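Please look over the sequence and the model before reading on.

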Amino acid sequence: DIRAGGAFTDKKRSIWIVTTACLPWKTGTSINPLLRALYLLKYYRSSSECAYQPNVYLMVPWLEKAHERKYLYGDQAHFEDGARGKIQQANFIRDWAKDSAKMNEEARVLKITFYPAQYHKSFGSIFPSHDICSLIPDSEADLAILEEPEHLNWIPMPTLENDTSRSSKSWSEKFHHVVGIIHTNYPAYAKGQGSSGLITSTTIHSLSTLVVRSYCHNVVL
């Protein structure tokens, strides 16, 4: 229950749902976080217990390289470079929320924001290319829901320069509360990659455990 402990007391509160994938790539970490954001908005809109509605942000990766977007999303969902492409992808997400999830009003008020990222074919995954946490203004840092927190934080990334409104604090330092949601059993996945996978599995498990414990107050398996 995200209301536990008086986490939300006024209209200025914000919920940031940060994930490792984005539509039109139809994978669990693109669809589940989106639905989570939509249903949170629906809950706050319909609940008689809440006299306010916090801002709900869905923060998703923006693939900066056009060939990576084409490879992963296909020709049917080609997005241009820069700010125009982000608007196009955000509109794609909202259209899916309206047409497939049937949540028109929630899709309209959902705040969609992007972090710069790259797709790595060898891993079959998207990884951030900048420190995601530092991209969020300190004034908006309240509750963070990290989808695949280990994936988001495995590799330390640089912060953007010349932006004094944002800090380079860790998630647990910057936010009042951080919830990590585990989607993938990476150690089990690594074990299936042959004899070397046993060593890799142990390394991944140790690194993931360290990262999750360092950045999250609570974890949902």
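How much accessible surface does the protein chain have, and what share belongs to carbon and sulfur atoms? The accessible surface of the chain comes to about 11700 Å², and 50% of it belongs to carbon and sulfur atoms; areas come from the Shrake-Rupley method with a 1.4 Å probe.

This is a predicted model, in which local features need pLDDT of at least 70 and side-chain atom pairs count only at pLDDT 80 or more, while totals for chains, interfaces and linings use all residues. Residues are numbered from 1 along each chain as its sequence is written, and side-chain values use heavy atoms, without hydrogens and water.

The overall values are these.

| Property of the protein chain | Value |
|---|---|
| Buried share of the 221 residues (buried: under 20% relative accessible area) | 46% |
| Share of contacts (heavy atoms within 4.5 Å) with a separation of 6 or more that join residues 24 or more positions apart | 74% |

The chain has 8 helices and 7 strands, taken as DSSP runs (helices H or I, at least four residues; strands E, at least two).

Helix α1 covers residues 28-46 and reaches 26 Å from its first C-alpha to its last. Its buried residues include Ile31, Leu34, Leu38 and Leu41. Among the elements covering the buried residues of α1 are β2 (55-63) and α3 (82-99).

Leaving aside neighbours within four places in sequence, Val18 is in contact with residues including Met59, Tyr115 and Trp171.

Note on methods:
The expected span of a helix is 1.5 Å times one less than its number of residues. Buried means under 20% relative accessible area, exposed over 50%, partly exposed in between (1.4 Å probe, protein chains only).
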